[in-house]
Every structure is written in structure tokens, then in C-alpha cells.
Amino acid sequence: MPESIPEIVPSCRVTMHFSLSLLDGTEAVSTYNEAPLEFILGDGTMEPLLEYALLGLRAGDEQSLQISGDEVYGPLDESKTHWLPITAFPANLSICEAQIIAFTSEQGEELPGVIMQIEKERVLVDFNHPLSGKAFIYNVTIINVEQPG
């Protein structure tokens, strides 16, 4: 590509579409059917390893990589799996196994929790990142790159 087309470097503004899909094709997240993601590389919007994979790409580039969830989100941590009383869930909320529900931590941070098991009076919730311990495909399509400054 011509040198006049800027490449992704730290602190540049990137506009892109991306998706994270499990190896069986299940899509965990995607921007391809919505507005593209726009961010400054290094601002914490994306996990550092996912940002690192963008370095050197230019507008129009597409990339598909298989990545280990352990490397990006850490390995599964059994201490992040908790039994919660069924009364902790709104009565009008219909829950089922494998469902992802947003919880709010004591610090006000939103945490995704995966429903692992439902019993009469309690629910087992896994607060590990849903992609921890799983390999996934990271697809990107770079739309625009603006150099810093």
C-alpha cells in the first residue's frame, strides 16, 4: 500500500468493525451490523492484546486471528463463581442456564455473569469474562486511521 495511507500506531484514532466469535461460530460480540467502533489506540477501550494485533494495519485492511481467551481475559478463576440466592434476581426476570446477565459490583462497575446452574433457592453465577478459557476468532475491518496530534 502507498505510504500516504496511515498505519495504526499508538495514540492514533481508529475506526473499525470487529467481531469475537467462538471456534464453533457462535458470535460473542460484533459491530458489523451496527455503528463501527471508534477509539484512540491505548485509551483502554479494548484489551491490550487485541489492540496490539491492530498495529501496522491501514484503512481497508481486514484481519482474522485465532486468540486464546486466557491470554486476553485471563484463565478461568474458580473464585469468581458464586452461588446467589434466587431472591437476588427480579421476580419478573426469567433466567436460564448459559444466559449472560449484567450485575453491578459494590464499586458500581458493571460485570457480566453467566448463569451456570439453577436450583430451587439459589443460582450459580460465573463472573469470569465469558471468553476466559476459550479460544476465539478476532475479525477486524479497518475503516479509517488518523495519526495522533
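View A. Thr141 counts as buried at 18% relative accessibility, where buried means under 20% relative accessible area, exposed over 50% and partly exposed in between (1.4 Å probe, protein chains only). This is a predicted model, in which local features need pLDDT of at least 70 and side-chain atom pairs count only at pLDDT 80 or more, while totals for chains, interfaces and linings use all residues. Residues are numbered from 1 along each chain as its sequence is written, and side-chain values use heavy atoms, with hydrogens and water left out. Thr141 belongs to strand 9; helices (H or I, at least four residues) and strands (E, at least two) are DSSP runs, numbered from the N terminus. A polar contact of 2.9 Å joins the side chains of Thr141 and Tyr32. Such a contact is a pair of N or O atoms within 3.5 Å; within protein, one must be able to donate a hydrogen and the other to accept it, and residues adjacent in sequence count only if both atoms are side-chain atoms. Leaving out residues up to four places away in sequence, Thr141 touches Met16, His17, Tyr32, Asp61 and Glu62, contact being heavy atoms within 4.5 Å.

**View B. The largest nonpolar core.** A nonpolar core is a set of buried Ala, Val, Leu, Ile, Met, Phe, Trp, Tyr and Cys residues joined through side-chain atoms within 4.5 Å. The largest one holds 23 residues, of which Ile8, Met16, Leu50, Leu54, Phe136, Tyr138 and Ile142 touch the most other members. At least two residues of this core come from each of strand 1 (13-22), strand 3 (37-40), helix 2 (69-73) and strand 9 (135-146). Strand 9 gives the most, with 5 residues. Beyond its neighbours within four places in sequence, Ile142 has contacts that include Ile8, Val14, Met16, Leu54, Leu57 and Arg58.

**View C. The ring pair of Tyr73 and Phe136.** Rings of Phe, Tyr and Trp (its six-membered ring) pair if their centres lie within 6.5 Å; planes under 30 degrees apart count as stacked, over 60 as edge-to-face and the rest as tilted. By this rule there are 3 aromatic pairs. The ring centres of Tyr73 and Phe136 are 6.2 Å apart and their planes stand at 40°, so this pair is tilted. Tyr73 in helix 2 and Phe136 in strand 9 are 63 residues apart, and their pair links distant parts of the chain. Tyr73 is buried at 18% relative accessibility, and Phe136 is buried at 0%.

View D. The rings of Phe103 and Phe127 have centres 5.1 Å apart and planes at 75°, so the pair is edge-to-face. Phe103 lies in strand 6 (residues 100-104) and Phe127 in the loop between strand 8 (122-126) and strand 9, so the pair ties together parts 24 residues apart in sequence. Both Phe103 and Phe127 are buried. Ring pairs join Phe89, Phe103 and Phe127 into a cluster.

View E. Strand 1 and strand 2 (residues 27-30) run antiparallel and are joined by 3 bridges; two strands pair if DSSP finds at least two bridges between them. Leu20 stands opposite Val29 in strand 2. The hairpin has 4 residues between its strands, and Gly25 takes a positive phi near 95° there.

**View F. Cys12 and Cys96.** Cys12 is buried, with a relative accessible area of 0%, whereas Cys96 is partly exposed at 43% relative accessibility. With a disulfide defined as a pair of cysteine sulfur atoms within 2.5 Å, the count comes to 0 disulfides.
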